[in-house]
Amino acid sequence: MVVSCFQYHRSTSYDRDRMEGHGLDWENQPSVFKEYPGIEPIPLPEPGPFPEKNLSELLRQEKLDPEGFTFHIKALSTLLFLTYSLTGKARQGDGFFYFRSVPSAGALYPAELYFTANGLAGLDDGLYHFSIARHGLHLLREEPQGKGAESGPSLTFFLTSIFFRSCWKYRDRGYRYCLLDTGHLLQSLVLAAGSMGASLSCSADFPDNQVNRFLGLDQEREVCLAVAEVPMRKESVLGVIPESEKLSQDMVDASRVALKETVYSAPVEAHKAGMSIRRGNEESLPAMVYRLGPSPDHWEPLPSFSTWHEVVQYKDAVLSRRSRRNFFQEPMPEPAVHGLLDGLLKGTSENTRQFVGTGVLVNNAGSREPGYYLLDSKTESLGMVKEGPFMETMAHICLDQAWLANAALHFLFMADLGALEERFGPRGYRYAMLEAGRMGEILYLTAASMGIGCCGIGAFYDEEARQLLKLDENTRLLYLVAVGPVKRA
Ligand SMILES: Cc1cc2nc3c(=O)[nH]c(=O)nc-3n(C[C@H](O)[C@H](O)[C@H](O)COP(=O)(O)O)c2cc1C
């Protein structure tokens, strides 16, 4: 029985000497598109026009006008398209496999997107599921708004994850990827909304049972992990979720994605362990980067970054983003290094700082000495922990994905999971993993906008990574993102 998320994380560690190979059950490969029998999706209008902005502009935007979003179905269609759409395909058997605007561990796409709309021109008030396959909407509830309705038009998004999609391949470790993938999707939504003039307020704190019931999820299979709403409201998101009737069993059964699903209990138990919320109005914790273990002797302020060398606008970065692995040993130009660091700094919130510490392994990047650095996003400075080459060793730790040794930089997202659990209970794990995923999305898009390669890495021997990075006993590497010049096809 998993009662702590740190325990979950430890028990799903990869250990070089204890890796059991397992075949994939292709007969029960999960469907990556959620369908509701008997509910035909309502087609959304063609998305567009698209914002003509660079990602750097978007990340530098000061506070947006809370009324800035146009509550119209056309704008909603554009927002959903920029957030989560099919952007590429490859032959698979007799059909096609579709890639998406956001990456996903193993291309298993556990994340689903729902929203309630209220007062949006061209769409009846309701709870909808977004069908990425059809760029359409499944109407799940009509006029569900309850007490939030009188406070003006609103859109509240719910990001969920279907355990079995990820666990089919990664078994109990799959919950890690459900969380990281959802972080990617959440950041994609935040940027898409920002590009259209909308501020989103995001939260990983909501009453799980009530929200899952409202969305009509089978909680043993699919759960809500994050909520985001526009415009920012004073009252909490709880105010707009009414106590609801259970949706029909057919709808609840739509969380099933394969005929014979193996039950992986650790993800379900770890998720349940994190259901209580222990976050009050107390002060934030000190920045995580100072609580990881290693402490640089000297912090060097980063230069102020004016422009990055963007080769495509934000919209094209979203549509062209893919995981690239064909890194080659070419020095990464200084402006590109600056762009990546600037992207991370601008995308980091107080929340991120509290839950994840960022490190960088430098290989071949601008004028920087190869070595292991920590990034303090508050003071905008880098501190060297240790000089020297790290890439070969890290590639070996990442399940011998040898191509990682050719990347110019490895970004590292780390957290003291023991301390988070002590302060926030097991839910602290959700906060940290979601933030790590959000940072990963910023790196992917920043790299794509500058024509550089990027690939997220969730597969590593956990204890070997902890030792290489000199992390304290309870601190772990959560996610690694490799970036660098890639060979052109
Ligand atoms: C959380 C996460 C972990 C990932 N881990 C790995 C990894 O260990 N090795 C790898 O080659 N790719 C990894 N990827 C990249 C995925 O394989 C990739 O996103 C997926 O195949 C879809 O392809 P695309 O990103 O080109 O659209 C990861 C992606 C994410 C989001």
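This is a predicted model: local features need pLDDT of at least 70, side-chain atom pairs count only at pLDDT 80 or more; totals for chains, interfaces and linings use all residues.

Reader: Where is proline 286?
Author: Proline 286 sits in the loop between helix 8 and strand 10 (299–301). Helices (H or I, at least four residues) and strands (E, at least two) are DSSP runs, numbered from the N terminus. Residues are numbered from 1 along each chain as its sequence is written, and side-chain values use heavy atoms, with hydrogens and water left out.

Reader: Is proline 286 buried or exposed?
Author: Proline 286 is exposed, with a relative accessible area of 51%. The cut-offs are under 20% for buried, over 50% for exposed and partly exposed in between (1.4 Å probe, protein chains only).

Reader: And how far is proline 286 from aspartate 416?
Author: They are 130 residues apart in sequence, and 12 Å apart in space from C-alpha to C-alpha.

Reader: New topic: which domains is the protein chain divided into?
Author: Domain 1 (5–273) and domain 2 (288–484). Those bounds come from an automatic or database domain assignment. The C-alpha centres of the two domains lie 25 Å apart.

Reader: How many residues are in contact between domain 1 and domain 2?
Author: On the domain 1 side 56 residues, in contact with 52 residues of domain 2. Contact means heavy atoms within 4.5 Å.

Reader: What about the largest nonpolar core, how many residues has it?
Author: It has 149 residues, and those with the most contacts inside it include Leu76, Phe115 and Met394. This core draws at least three residues from each of domain 1 and domain 2. A nonpolar core here is a set of buried Ala, Val, Leu, Ile, Met, Phe, Trp, Tyr and Cys residues joined through side-chain atoms within 4.5 Å. There is also a second, separate core of 16 residues, with Phe158 and Met251 among them.

Reader: What does phenylalanine 115 touch?
Author: Leaving out residues up to four places away in sequence, phenylalanine 115 touches a set including Leu76, Leu80, Tyr128 and Phe157.

Reader: Back to helix 8. Which residues there are buried?
Author: In helix 8 (residues 265–273), the buried ones are Ala266, Pro267, Val268, Glu269, Ala270 and His271. What covers them includes helix 1 (5–11), strand 9 (222–230) and helix 14 (427–449).

Reader: How do helix 13 and helix 14 pack?
Author: Helix 13 (residues 417–424) and helix 14 pack at about 125°, with their axes 7 Å apart. Axes are lines fitted to C-alpha atoms, for helices over the stretch in contact, and angles run from 0 to 180 degrees between N-to-C directions. That angle makes helix 13 oblique to helix 14. Under 35 degrees counts as roughly parallel, over 145 as roughly antiparallel, 65 to 115 as roughly perpendicular and the rest as oblique.

Reader: Which residues make that contact?
Author: Helix 13 brings Leu417, Leu420 and Phe424, and helix 14 brings Arg427, Gly428, Tyr429, Tyr431 and Ala432.
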